[in-house]
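Trainee: I have just opened this one and would like a walk through it. Could we take it step by step?
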Amino acid sequence: MGLALRTVVIGWLTYYILSCIHCRYFHPLSKFPGPFWASISNFWKLYILSTKESHTRGIEYHKKYGPAIRVAPNFLVFSDPKLVPVVYHRNADKSDFYSPGVLGRLRPPFQTQDHKEHAAKRKRVAASFQISNLRKMESDVNNMIEKLLSQFNERYVRTEEPLDLSEWVKWFVYDTISAMAFGKSVGFVEQGKDVQELIQNFHDMAPLAGLVAALPNWVNPLMNAPILGDYLMPGPGDGTGTGKIMKYRDDMLRERFQNRHAMAHGDFLDNLMNAKNADGSYMTEAEIKAEAFVLMVAGPDTTAAFIGPFVNYVIQNPVIHARLRQEIQEFEADGTLSKGVVTFEETQKLPYFMACVQETLRFCPSTPVVLPRLVSKGGLEVNGKYVPEGTEIAANPYVIHRDKNIFGEDAFEFNPDRWLEGEERTRNMNKYIMSWGYGARQCLGKNVAQLITQKLCLEMFRRFDFQSRTPEKPWRAENLALMIYWDQWVRLTPAKELK
Ligand code: HEM
């Protein structure tokens, strides 16, 4: 080894060792407990994401290390619900955990770190997600529900064969959101398969997304480099899962851009194409594509990750299952439920059904992953210790939702009754619910998701009795920053009249 190279290597090693010593003993977070490797290296975040069970690990680590854990040299994760409103306040900036990476270069609201820039971007699209706007699309949702349930009847009820609910739910949600966004479904439900393996290909990108989120300082310079970046960043039509979905989106959008202000379809795309910035200008084509892409990928998987668990936790407990079926029959008998598919309004009238919905959101949040923010100016006190401005800080909804002080001694059990004990208790629990994120960054698609999930879940339990084929292992699940389920095998029979 030449002298120059030796000097560089020794210099780098010295720098690295000194920075480890600094992180371990002199960094402002050195007074917080946590795994040794996490205190000196960001790679520990990558390790945790790669286990695909960061939520259950989170519970274990908080048991071991206490309510505030150092999970990277400059990153603190907390479990005290009272800190949630403090950390996720209106003006909190997101950290570079949200780097665009696999979702393309432009930053829609979800990936916009600065809170002011985020507010402006969110404002121009927010109206599209209001419930008044969605009512126009309710018939698209009804059509998709009818299509799905008639597939269930034809293929499984008639033949008495079991079905993999996890797959059908994904196909249904991708199709429904595509119909609402672009006026056209992909055809997953109709064909009863993952067309062109679009969904699987997209899920295959999860490890890369994890890499970008965990190591933005290493990966971003490569992704943004002039030539290398073009090669690494997914683009429409390349072989990657993201690229395939981008191409699908571009094919859907091409015709519509030719007459972008016609407002002839009444779908999300009409709204996006006509949304205006504060100065009255329209969004650029590239911005519309980025927003449309987020609709296609942020919505379906998170929504599917609600429906499977809702069914599972209801049917796992015969008492809960019978109470829900009983309530649906009573409301059916008194004429509250429309013929065909129930309306969104009607779903909200069934108290036990709504308690099951709230309990699923609490017990099984779709994104059981830390949602990082940066500590704002002036710093913050956590457990009596000072945390400086610029520190990355986060909580995991799955951990917060299992806090016994807020949710009760049975916080680790699925118990819808906790939501029926009175307004004050419900209000107090809702203050700490993070299933939709928190504060100004809350899910923009919450109304869309509620519309789809409540109508489908109620309609499924109205028409069918469910039985898990393998109750001891109801599914295979992986936490890829959002939960993905496979192999949720159930048997369906027509709903029986209860006495
Ligand atoms: C049960 C279903 C859903 C759940 C549990 C869910 C959950 C979340 C969460 C936790 C966040 C915030 C993440 C953060 O703080 O970084 C979020 C943001 C977002 N979600 Fe959802 N989501 C669901 C469905 C949808 C649907 C159906 C759409 C669109 C059609 C959607 C669009 C968005 C958008 C655009 C954002 C970014 C909002 C912003 O940054 O201002 N979501 N969602």
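Trainee: Which helix holds Gly243?

Mentor: Gly243 sits in helix H15, residues 241-257, where helices are DSSP runs of H or I of at least four residues, numbered from the N terminus. Residues are numbered from 1 along each chain as its sequence is written. This is a predicted model, in which local features need pLDDT of at least 70 and side-chain atom pairs count only at pLDDT 80 or more, while totals for chains, interfaces and linings use all residues.

Trainee: Is Gly243 buried or exposed?

Mentor: Gly243 is buried, because 20 other C-beta atoms lie within 10 Å; the cut-off for buried is 20 or more such atoms within 10 Å of the residue's own, 12 or fewer is exposed, in between is partly exposed, and C-beta atoms are placed from the backbone.

Trainee: And what is Gly243 in contact with?

Mentor: Leaving aside neighbours within four places in sequence, Gly243 is in contact with Pro234, Gly235, Pro236, Gly237 and Asp238, a contact being two C-beta atoms, placed from the backbone, within 7 Å.

Trainee: Switching topic, at what angle do H18 and H24 pack?

Mentor: Helix H18 (residues 318-333) and helix H24 (residues 446-463) pack at about 90°, with axes 10 Å apart. That makes H18 roughly perpendicular to H24, a label for angles of 65 to 115 degrees.

Trainee: Which residues make that contact?

Mentor: H18 contributes Leu324, Arg325, Ile328 and Glu332, and H24 contributes Leu458, Phe461 and Arg462. Sorted by type, the residues of this contact are four nonpolar, no polar and three charged.

Trainee: How many residues of H24 are buried?

Mentor: In H24, 14 of the 18 residues are buried, so this helix is largely enclosed by the rest of the structure. For H1 (residues 3-26), by contrast, the count of buried residues among its 24 is zero, and that helix is hardly covered.

Trainee: How many residues are in the largest nonpolar core?

Mentor: The largest nonpolar core has 80 residues, a core being a set of buried Ala, Val, Leu, Ile, Met, Phe, Trp, Tyr and Cys residues joined through C-beta atoms within 7 Å. Those with the most contacts inside this core include Phe172, Ala181 and Phe310. Helix H17 (residues 285-316) gives the most to this core, with 15 residues.

Trainee: What does Ala181 touch?

Mentor: Not counting residues up to four places away in sequence, Ala181 touches Asp267, Phe268, Leu269, Ala292, Leu295 and Met296. Apart from that core lies another, of 41 residues, among them Val212, Leu371, Val399 and Tyr438.

Terms used: Helix = DSSP H or I, 4+ residues; strand = E, 2+ residues; numbered from the N terminus. Expected span 1.5 Å × (residues − 1). Axes fitted to C-alpha atoms, helices over the stretch in contact; angles between N-to-C directions. Parallel < 35°, antiparallel > 145°, perpendicular 65-115°, else oblique. Nonpolar A, V, L, I, M, F, W, Y, C, P; charged D, E, K, R; others polar.
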